[in-house]
Amino acid sequence: MVEPVGNHYVIARPVYSENAFNEEHEKLHRYHKTFWDHLKLYFSCSPQRAKKFALGLFPVISWLPAYRFREWVLNDIISGINTGLVAVLQGLAFALLVNVPPSYGLYAAFFPVLVYFIFGTSRHISVGPFPVLSLMVGGVVTRLVPDNSTGNGNSTNTSAINDERVMVAASVTFLSGVIQLLLGIFQFGFIVIYLSQSLISGFTTAAAIHVLVSQLKFMFQLPVPGFNKPFGIIYTLESLFSQITKANIADLVTSLVVLLIVFVVKEMNDRYKEKLPAPIPIELLVTILAALISYFVNFEEKFEVAVVGKLEEGFHAPVAPDVGILQKCIGDGISIAIVGFAVAFSVAKVYSIKHDYPIDGNQELIAFGLGNIVGGSFKGFASSTALSRSGVQESTGGKTQIAGIISSVIVLVVILAIGFLLAPLQKSVLASLALGNLKGMLLQFKEISILWRKDKYDCVIWVVTFLAAIFLGLDIGLAAAVAFQLLTVVIRSQIPSCTVLANVGRSDIYRNRKDYTDIYEPEGVKIFRCSSPIFFANIEFFREKLITAVGFNPLRVLRKRNKALRKIRKMLKKGELQVTQKGLIYMANPTYESEEELDNNKIEELDQPTIMTDLPIRINWGTDLPPGITVPQVNLHSIILDFSSVSFLDFSAMTVLRKTLKEFVRLDIDIYVAGAYEGLLDKLERSAFFDEEIKPSMFFLTIHDAVLHILLKKDIANSPKLKLAEEKGRSSDCVITPRNGLRSRECTIPTETKF
């Protein structure tokens, strides 16, 4: 019963152990499904499950019939046109990162959008090329098809190199799509949880630096080979600056002017986004202006600048991936698949929360997997979602993936009809546009100071991820970052926070005794909390901290006591000790024996409980012992283990924990476990954890229940009246009531339980 009294509350209930609570409230023994039960359910078939499966696999079926045509169609058209224009330019720009002709970037901006319209669950993300993925694919391309792989650089050899590179990009894209599809089918959408926000932020920031460095060769128009190996970024910069005197000034000036304009206008878009009806399409305006100037001024001949050249019109027939290439880039395919999904899912989750609709991680994997399979078959490269492009689609009023279909129509028009207009466009302009989209990722450097103040582990993860991805490359760097992140989890769980608790404010609240002055610690009681799961990696640390908290090693004390009993038996047998009403009296000078002699090569016997049944008197270890016998004093009679923060306990930890608890019990110290998670008691019973020494009755609902049980037990032991009342069964009705400013138990027993 709970009765509110002002801003206080009064609780009246019995002291509950786990067993007593379960018996009184008739706990149900539920049947827990086994793995085979879940497997049967997963593969079972019914009309309802078939419908649910169809709606899950084809989300478009669920939202398209409910499309509000009059309300949403205009917004989706406007959004689709704006997004499509941005997608065209980003497709051309990001193709430079992949080291393939720009026209193949348009395929990457077209096919995945169509697939995602049918299979995707997010209504707002814009699917297509993403700079980080493009750079990762480009790393594979330059590794398998380096610049000097064939010939002397004539047009025939250049065309052959481009064809090889397109095939590599398409094959690794196809492979990443297959991996994503398989992960989605087998319900592995949860893998994204292993990529923390700090890791993703550090990784994308490093990728932005790689993008910046990779585009410098287009800005300076220098023949810099790709170095897809550890410390490749250093080799690239070395090669770049060794040729800096040969830079094309026209390309450099053009790049800097375009960058300046793009950054200024994007800053205006951010600052005045609430006043502008739509963001200024600066990439489109700059592209049109640069193409016109390059066409009429004839930059290609006058200044020898590199231009996009004629874009291929139409589509290629779908091709199968090269098996030889697939065998060489399995690791890259896995990295690309996971990074692409992680980035896209993170962005989709932001918009799903903002607009209040669900997304399915497994279905997203299937959607992106199929999109990359189709895109790779048509010689596109890996797709995900670009933050800037998705921002355009959402901020310009896009409501559904109808906007995505409209954007793909814009890309289709460029592919089939007007791509030739972009032929005179300088590659340095595309490079600048690619860099202009990195502002958000580069600004993530600000997170370092924020993370340092909030969580130093996350800050270290960010820095290590950034440095690993910078110097080891994006593929190896990602693997190293994930390994380091998991290592920090192991370290944090392997070295958990362990504290000794005390009662605060004379209530039922227990906190770290070092943090408060108004505390109460029951005499002879130690309350120990471990704020972590207990498993094979940290159970020894838990044991050491527990021993430190109680102030003695129970095994050492137990062995000392058993050695003392051996010596007492020998002294009694020799007549050196005599039993009287006052205790043991020394009759002669004792003979001293070494520890080795007392052990008698039977060290395992010293770990057993102390047995005094054969002695004429029970030894009180707290009083003076015969000369020559010393045993450490133990001032505890009870230990309470607070398991409220222990979420699981594995079998290895159970074994060590059971052994440790037995050592305390054999010293006549009562052990209590409070706040154990649901199901732990059943798990321990199934594991044969309990015996004559370790019993289920040691488990209590809360720390306060255990403390009051200990105090009541102590009072009963010290008072004949309380003992008689206990035997008559009148001691169970206890309520918490304030007395003398303290929160204590008041029972129907005719006495007072002091707290």
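Predicted model: local features only at pLDDT ≥ 70, side-chain atom pairs only at ≥ 80, totals over all residues.
Figure 1. Strand β12 spans residues 670–674, and five bridges join β12 to β11 in a parallel arrangement. Strand β8, residues 525–530, also runs parallel to β11, and five bridges join these two strands. Strand β11 comprises residues 638–642 and is mostly covered, with five of its five residues buried. Ser638, Ile640 and Asp642 point one way from β11, whereas Ile639 and Leu641 point the other way; all of these residues are buried. In a regular strand, the side chains alternate between the two faces of the sheet.

**Figure 2. Strand β5 and its antiparallel partners.** Strand β5 covers residues 498–504, and seven of its seven residues are buried, so the strand is largely enclosed by the rest of the structure. Four bridges join β5 to β8, and the two strands run antiparallel. Within this pairing, Phe528 of β8 is the bridge partner of Val500. Strand β6, residues 509–512, is likewise joined to β5 by four bridges and runs antiparallel to β5. Here Leu501 stands opposite Asn512 of β6. The hairpin formed by β5 and β6 has four residues between the strands, and in this hairpin Gly505 takes a positive phi near 75°. Two bridges join β5 to strand β7, residues 519–520, in an antiparallel arrangement. Ile519 in β7 is the bridge partner of Val504.

Figure 3. The structure holds zero disulfides. A disulfide is a covalent bond between the sulfur atoms of two cysteines. For Cys498, the closest cysteine sulfur is that of Cys530, at 4.1 Å, which is too far for a bond; the cut-off applied to a pair of cysteine sulfur atoms is 2.5 Å. Cys45 is exposed, with a relative accessible area of 72%.

Figure 4. Helix α9 runs through residues 197–220 and has 24 residues. From its first C-alpha to its last, α9 reaches 35 Å, close to the 34 Å expected at 1.5 Å a residue. Of the 24 residues of α9, 22 are buried, so the helix is largely enclosed by the rest of the structure.

**Figure 5. Asn99 in the loop between α5 and α6.** Asn99 is placed in the loop that lies between α5 (69–98) and α6 (103–119). Asn99 is buried, with a relative accessible area of 15%; the limit for a buried residue is under 20%. The side chains of Asn99 and Lys217 are joined by a polar contact of 3.5 Å. When neighbours within four places in sequence are left aside, Asn99 is in contact with Gly138, Val141, Thr142, Arg165 and Lys217.

Figure 6. Leu96 lies in helix α5 and is buried, with a relative accessible area of 4%. Not counting residues up to four places away in sequence, Leu96 touches Pro102, Gln215, Phe218, Lys427, Leu430 and Ala431. Leu96 and Pro131 are 35 residues apart along the chain, and their C-alpha atoms are separated by 9.9 Å.

**Figure 7. Overall context of the close-up views.** The protein has 30 helices and 15 strands. Of its 755 residues, 50% are buried. Among contacts in the protein with a separation of 6 or more, residues 24 or more positions apart account for 78%. The protein exposes about 37600 Å², and carbon and sulfur atoms supply 61% of this area.

Terms used: Residues numbered from 1 in each chain as written. Heavy atoms only, no water. Buried < 20%, exposed > 50% of the residue type's maximum accessible area, 1.4 Å probe, protein only. Expected span 1.5 Å × (residues − 1). Polar contact = N/O pair within 3.5 Å; in protein donor to acceptor, adjacent residues only side chain to side chain. Contact = heavy atoms within 4.5 Å. Areas by Shrake-Rupley, 256 points an atom, 1.4 Å probe, with all protein chains shown as cover. Pairing = 2+ DSSP bridges.
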